[in-house]
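Reader: I am new to this structure, and I would like to understand the terms used for it. Could you show it to me and take my questions in turn?

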Amino acid sequence: MGRAFEYRKATKLKRWGHMAKTFTKIGKQIAIAVKAGGPEPDMNPALRACIANAKRENMPKDNIERAIKNAMGKDHADYKEVNYEGYGPHGVAIFVETLTDNTTRTVGDVRSVFNKFSGNLGTQGSLSFLFDHKAVFTFKKKDGLDMDELILDLIDFGVEDDFDEDEETGEVTIYGDPSSFSAIQKHLEADGFEVTGAEFTRIPNDLKDVTPEQREAIDKMVEKLEDFDDVQTVYTNMKPEE
């Protein structure tokens, strides 16, 4: 399996936190998709992607439908994407993605955690060079699928040659240019693939070795950040445990 898949597999539980928090985070993603493209999944590719991710996380159908309905309400909050970057204990890079309707609250919450763990919150974009931003799609593999041919079809969208295949689930994961997210999704759907996951991720390109004690401190910091409802995903360049 590829480096990207192994990193995501090793860090998935750390990044997503508890199920209740995951549902809250997905609900915000659904709200943004509905506000931008409407409540009908057939007419809204971004919403289809959110629903696929929700199902992948075992979010109940009633919760999904409620999130879509709530997003159409006049009083529903408008969320914006804001990233925060800095260094945590022992020089480990921390990249925090948020969806917030109150940036003053969110930056205060994030800064409080960095301060508590003797970290240093930097300026936006200061650590982007340490992480590769990727669009990630997971889909059911069809019988007789020629992956080389599919990758060739998607090469104009920045899709990498390196893909990952899970023999247990029969799913394939590919990585592409984030700016081509919609185009990749439309191509897969047009070709009749069942897309089971569609998201963005950040993959560290320079992993940092840490001791068990240092890992414990970083894990505690990540957990504190994930406790905030505004925080969607926390990435680090800490080398995963083997």
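Author: What follows is a set of questions about the words used for this structure, with answers that set values against definitions.

Author: The model is a predicted one, in which local features need pLDDT of at least 70 and side-chain atom pairs count only at pLDDT 80 or more, while totals for chains, interfaces and linings use all residues. Residues are numbered from 1 along each chain as its sequence is written, and side-chain values use heavy atoms, with hydrogens and water left out.

Reader: Why does Lys 134 count as buried?

Author: Buried means under 20% relative accessible area, exposed means over 50%, and partly exposed lies in between, with a 1.4 Å probe and protein chains only. Lys 134 has 18% relative accessibility, so it counts as buried. This lysine lies in strand β4, a strand being a DSSP run of E with at least two residues, just as a helix is a run of H or I with at least four, both numbered from the N terminus.

Reader: What joins the side chains of Lys 134 and Glu 160?

Author: They are joined by a polar contact of 2.6 Å. That term stands for a pair of N or O atoms within 3.5 Å; within protein, one must be able to donate a hydrogen and the other to accept it, and residues adjacent in sequence count only if both atoms are side-chain atoms. Leaving aside neighbours within four places in sequence, Lys 134 is also in contact (heavy atoms within 4.5 Å) with residues including Gly 176, Pro 178 and Phe 200.

Reader: What makes β4 and β6 a pair?

Author: Two strands pair if DSSP finds at least two bridges between them, and β4 (residues 131–140) and β6 have six, in the antiparallel sense. Strand β5 (residues 164–166) also pairs with β6 in the antiparallel sense, over three bridges. Thr 173 in β6 has Thr 138 opposite it and also Asp 164.

Reader: Why is one side of β5 and of β7 left without a neighbour in the sheet?

Author: The open sheet has four strands in the order β5-β6-β4-β7, with antiparallel pairing. Because β5 and β7 stand at the edges, each with a single partner strand, one side of each has no neighbour in the sheet.

Reader: How is β6 described, as mostly covered or mostly open?

Author: Strand β6 (residues 171–176) is mostly covered, since six of its six residues are buried. Glu 171, Thr 173 and Tyr 175 point one way, and Val 172, Ile 174 and Gly 176 the other way. In a regular strand the side chains alternate between the two faces of the sheet.

Reader: Which residues touch the most other members of the largest nonpolar core?

Author: A nonpolar core is a set of buried Ala, Val, Leu, Ile, Met, Phe, Trp, Tyr and Cys residues joined through side-chain atoms within 4.5 Å. The largest one has 18 residues, of which Phe 137, Phe 139, Met 147, Leu 150, Ile 174 and Leu 188 touch the most other members. Its largest share, four residues, comes from α6.

Reader: How do you know that the buried residues of α7 line one face of the helix?

Author: The buried residues of α7 are Phe 181, Ile 184, Gln 185 and Leu 188. Seen down the axis of α7, they fall within an arc of 100°, so they line one face of the helix; the arc is that of the directions from the helix axis to the C-beta atoms. What covers these residues includes α3, β4, α6, β6 and β7.
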